[in-house]
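Please look over the sequence and the three-dimensional structure shown here before reading on.

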Amino acid sequence: MLTIGRRAVGKGQPAYIIGEIGLNHNGDIEIAKKLIDVAAFAGCDAVKFQKRDPETCVPPEQRNVLRETPWGTMTYLEYRHAVEFGEDQYAEIDRYCKAKEIDWFVSCWDASSVGFTEKFSPVCYKIASATLTDLSLMRRIASTRRPVMLSTGMSTMEEIDAAVNVFDREQLLIAHATSAYPCKAEEINLRMIHVLRDTYADVPIGYSGHEVGLQITLAAVALGAAFVERHITLDRTMWGSDHAASVEPQGLIRLCRDIRVIEQAMGDGVKRVYDSELPIRKKLRRVGIADLQGQAK
């Protein structure tokens with residue numbers, strides 16, 4: 001168990017719920033703030049963004065590829081700059097999240113983005129599935145000594161094990177994930193939550209979902225996920241690659257509500273007769289324990 005921001009995360013603790021804003025703000029700080037509002041109102045513990053240096057992350061062969069966007073036709077490099085928040089926007093995000101009493105953090109896609117994010121003392125970092133094999137980036141993130149969520153989509157167990165060995169177990173959380181957007185139910189494989197928990201017994205295991213609907217994320221909580229993450233959007237029909245696999249405001253409200261109901265219902269596994277059962281037991285139970293024992297002889 002470890003602490004992220006205001007919350008302990010791990011065995012015996014309520015699931016830490018993350019609303020993944022990612023790039024669903026479409027480069028607009030006002031959309032980002034509306035999504036923070038939605039997450040805070042629904043009951044999320046944190047929101048997450050993505051941070052890249054486009055000059056580092058966009059491959060040379062893709063830089064001048066033309067792309068149709070809501071802002072007109074532009075090169076892919078220009079588009080990546082258009083949707084990337086800078087220091088002023090993240091300062092506003094930091095201020096706004098503190099006012100809303102909700103944690104925020106990012107997945108960094110390059111080392112310079114880690115240095116940028118450190119200015120804001122984030123509660124943790126996320127390793128995106130796409131960067132799970134980038135050992136130099138992970139070493140840079142590990143050096144911050146902050147908690148780290150490692151997402152395991154499109155990865156083999158050997159690749160996961162190599163990534164896990166970069167970090168001290170005391171700072172690590174691992175998320176089961178399948179990197180398809182949206183993801184088919186038959187490719188989600190929720191039993192991997194138990195496999196990861198058995199393999200890395202001292203690390204909190206969670207779930208990062210890209211499916212349509214809420215059922216699978218709720219099932220992950222019932223299977224013991226210590227944290228869950230879902231992409232969130234104001235409207236699934238908005239322009240952008242992640243909106244279709246995201247949860248809209250009313251769905252996020254239901255998801256957070258139902259996660260907390262499931263946690264209450266899971267109990268402790270100790271069989272007991274509840275006070276609420278006693279009147280019904282007295283009215284309907286026809287054979288007492290003494291009679292039952294007599295019948296068994």
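**A buried threonine**

Thr 131 is buried, its relative accessible area being 5%, where buried means under 20% relative accessible area, exposed over 50% and partly exposed in between, with a 1.4 Å probe and protein chains only. The structure is a predicted model, in which local features need pLDDT of at least 70 and side-chain atom pairs count only at pLDDT 80 or more, while totals for chains, interfaces and linings use all residues. Residues are numbered from 1 along each chain as its sequence is written, and side-chain values use heavy atoms, with hydrogens and water left out.

**Surroundings of Thr 131**

- Thr 131 is placed in the loop that runs between strand S8 (125-127) and helix H6 (135-142); helices (H or I, at least four residues) and strands (E, at least two) are DSSP runs, numbered from the N terminus.
- When residues up to four places away in sequence are not counted, Thr 131 touches Trp 109, Leu 137 and Met 138, a contact being heavy atoms within 4.5 Å.
- Ser 151 lies 20 residues from Thr 131 along the chain, and the C-alpha atoms of the two are separated by 9.0 Å.

**The chain as a whole**

- The chain holds 12 helices and 12 strands, and its C-alpha trace spans about 85 × 40 × 35 Å along the principal axes.
- Of the 297 residues in the chain, 47% are buried.
- Among contacts between residues at least 6 apart in sequence, 65% join residues that are at least 24 apart.
- The accessible surface of the chain comes to about 15000 Å², and 51% of this belongs to carbon and sulfur atoms; such areas come from the Shrake-Rupley method with a 1.4 Å probe, and for residues only the protein chains shown count as cover.

**Helix H1 and its two partners**

- Two packed helices are described by the angle between their axes and the distance between the axes.
- Helix H1 (residues 29-42) packs against helix H10 (residues 249-266) at an angle of about 30 degrees, with the axes 8 Å apart; axes are lines fitted to C-alpha atoms, for helices over the stretch in contact, and angles run from 0 to 180 degrees between N-to-C directions.
- H1 and H10 are therefore roughly parallel to each other, since angles under 35 degrees count as roughly parallel, over 145 as roughly antiparallel, 65 to 115 as roughly perpendicular and the rest as oblique.
- On the H1 side Val 38, Ala 39, Phe 41 and Ala 42 meet Pro 249, Leu 252, Ile 253 and Cys 256 on the H10 side.
- By class, the residues of this contact of H1 with H10 are eight nonpolar, no polar and no charged, where Ala, Val, Leu, Ile, Met, Phe, Trp, Tyr, Cys and Pro count as nonpolar, Asp, Glu, Lys and Arg as charged, and the others, Gly among them, as polar.
- H1 also has a contact with helix H4 (residues 87-100), and the axes of H1 and H4 come within 11 Å and cross at roughly 20 degrees.
- The contact is made by residues that include Lys 33, Asp 37 and Ala 40 of H1 and Glu 92, Arg 95 and Tyr 96 of H4.
- The contact of H1 with H4 divides into six nonpolar, one polar and five charged residues.

**Helix H9 and its cover**

- In helix H9 (residues 215-222) the buried residues are Ile 216, Thr 217, Leu 218, Ala 220 and Val 221.
- The cover over these buried residues of H9 includes helix H8 (192-199), strand S11 (205-209), strand S12 (227-231) and H10.
- Just after H9, Gly 224 takes a positive phi of about 105 degrees.

**Backbone features in loops**

- Tyr 181 and Pro 182 are joined by a cis peptide bond, with omega about -10 degrees, and Pro 182 lies in the loop between strand S10 (172-177) and H8.
- Asn 26, although not a glycine, has a positive phi of about 55 degrees; Asn 26 is found in the loop between strand S3 (16-22) and H1, and counts as buried at 14% relative accessibility.
- Arg 145, also not a glycine, has a positive phi of about 65 degrees; Arg 145 is found in the loop between H6 and strand S9 (148-151), and is exposed, with a relative accessible area of 52%.

**A buried leucine in a strand**

- Leu 172 lies in strand S10 and is buried, with a relative accessible area of 0%.
- Apart from neighbours within four places in sequence, the contacts of Leu 172 are Leu 2, Val 148, Leu 150, Val 164, Phe 167, Val 203 and Pro 204.
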